[in-house]
Amino acid sequence: MKQDADPRPRPGRPATGATRDVRARLVEAAEERFTTHGFAETSLRTIAEQAGVNPALVSYHFGNKLGLLEAVFEGALEPLAQALQGIAAQGRASPETLLDLLDRMGAEHPNLLPLLLREALLPSGALHEVFIERFAPRLGGMFPSLLAREQAAGGLDETVDPEALSVLILAMGIFPHVAAPLVRRVLGMDLEKDGQERLARQARQLLRTGVMS
């Protein structure tokens, strides 16, 4: 008796619409649960229930919880990586452009950056090594070379250190979202209202007056 073909997506085979929908629902549910309840405290069954799918489909599509976490990061960070690749092809990027990309990612995934800090940036994070090897070189790792090109083209003051400036841009783009509750309670700035716009405006002013030629 002839067996049915394996319906699972394979490398090089486009996923069906139903497969894409299930994966997207699982990634969306995982991002929400991981950010609000923590990675270690969230079960795959809970994610599957929120996504409205059979729990077995989580393992089917992602292998395990770490694979699902990696997919969450990939879904949020890949647009940023693609944008940076496009900028690199053009040859140069201003500090404002790089900060704008970080601001956009933060606005689209406001709860993701604390999760990124805990599970990717800190040495104890579940995906720390994976992030360093797979994601970081295509994200903030591209900043120094892009800024060096901008400097060589006359867009940055000659005294600017591209590597140090990269760290500062990353800090300005990431820290406010990581510390949003503290910023709101202690400093009185609500990023969900006008705080994000105020921060972006002030950061651009600092960059223009402090490092741009």
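**Reading contacts in this structure**

User: How exposed does Arg208 count as, and at what relative accessibility?

Analyst: Arg208 counts as partly exposed, because its relative accessibility is 46%, between the cut-offs of 20% and 50%. Keep in mind that this is a predicted model.

User: With which residue does Arg208 form a salt bridge?

Analyst: Its partner is Glu96, and the closest N and O atoms are 2.9 Å apart. Glu96 is buried, with a relative accessible area of 13%.

User: Where in the chain do Arg208 and Glu96 lie?

Analyst: Arg208 is in helix α11 (residues 191–210) and Glu96 in helix α5 (residues 95–108); the pair links distant parts of the chain, 112 residues apart.

User: Which residue forms a salt bridge with Asp100?

Analyst: Arg204 does, with 2.6 Å between the closest N and O atoms. Asp100 lies in helix α5 and Arg204 in helix α11, so this pair ties together parts that are 104 residues apart in sequence. Asp100 counts as partly exposed at 26% relative accessibility, and Arg204 counts as partly exposed at 24%.

User: What separates Glu197 and Arg201 within helix α11?

Analyst: About one helical turn, because the two residues are 4 apart in that helix. Their side chains meet in a salt bridge of 3.7 Å, N to O. Glu197 counts as exposed at 56% relative accessibility, while Arg201 counts as partly exposed at 47%. The structure holds 7 salt bridges.

User: How is a pair of aromatic rings described?

Analyst: By the distance of the centres and the angle of the planes. The count here comes to 2 aromatic pairs. Phe34 and Phe39 form an edge-to-face pair, 5.1 Å centre to centre with 65° between the planes. Both of these residues are buried. In the pair of Phe131 and Phe135, the ring centres are 5.9 Å apart and the planes are at 25°, so this pair is stacked. Phe131 and Phe135 are 4 residues apart in helix α7 (residues 128–135).

User: What lies over the face of Phe39?

Analyst: Lys65 does, at 4.7 Å from the ring centre.

User: Which residues touch the most other members of the largest nonpolar core?

Analyst: The general idea is that nonpolar side chains tend to be buried together in soluble globular proteins. In the largest core here, of 51 residues, Phe34 and Phe73 touch the most other members. Helix α4 (residues 65–90) supplies the largest share of this core, 12 residues. Apart from it lies another core of 5 residues, including Ala179 and Leu191.

Methods. Residues numbered from 1 in each chain as written. Predicted model: local features only at pLDDT ≥ 70, side-chain atom pairs only at ≥ 80, totals over all residues. Heavy atoms only, no water. Core = buried A, V, L, I, M, F, W, Y, C linked by side-chain atoms within 4.5 Å. Buried < 20%, exposed > 50% of the residue type's maximum accessible area, 1.4 Å probe, protein only. Phe/Tyr/Trp six-rings, centres within 6.5 Å; stacked < 30°, edge-to-face > 60°. Lys NZ or Arg CZ within 6 Å of the ring centre and 35° of its normal. Salt bridge = Lys/Arg side-chain N within 4 Å of Asp/Glu carboxyl O.
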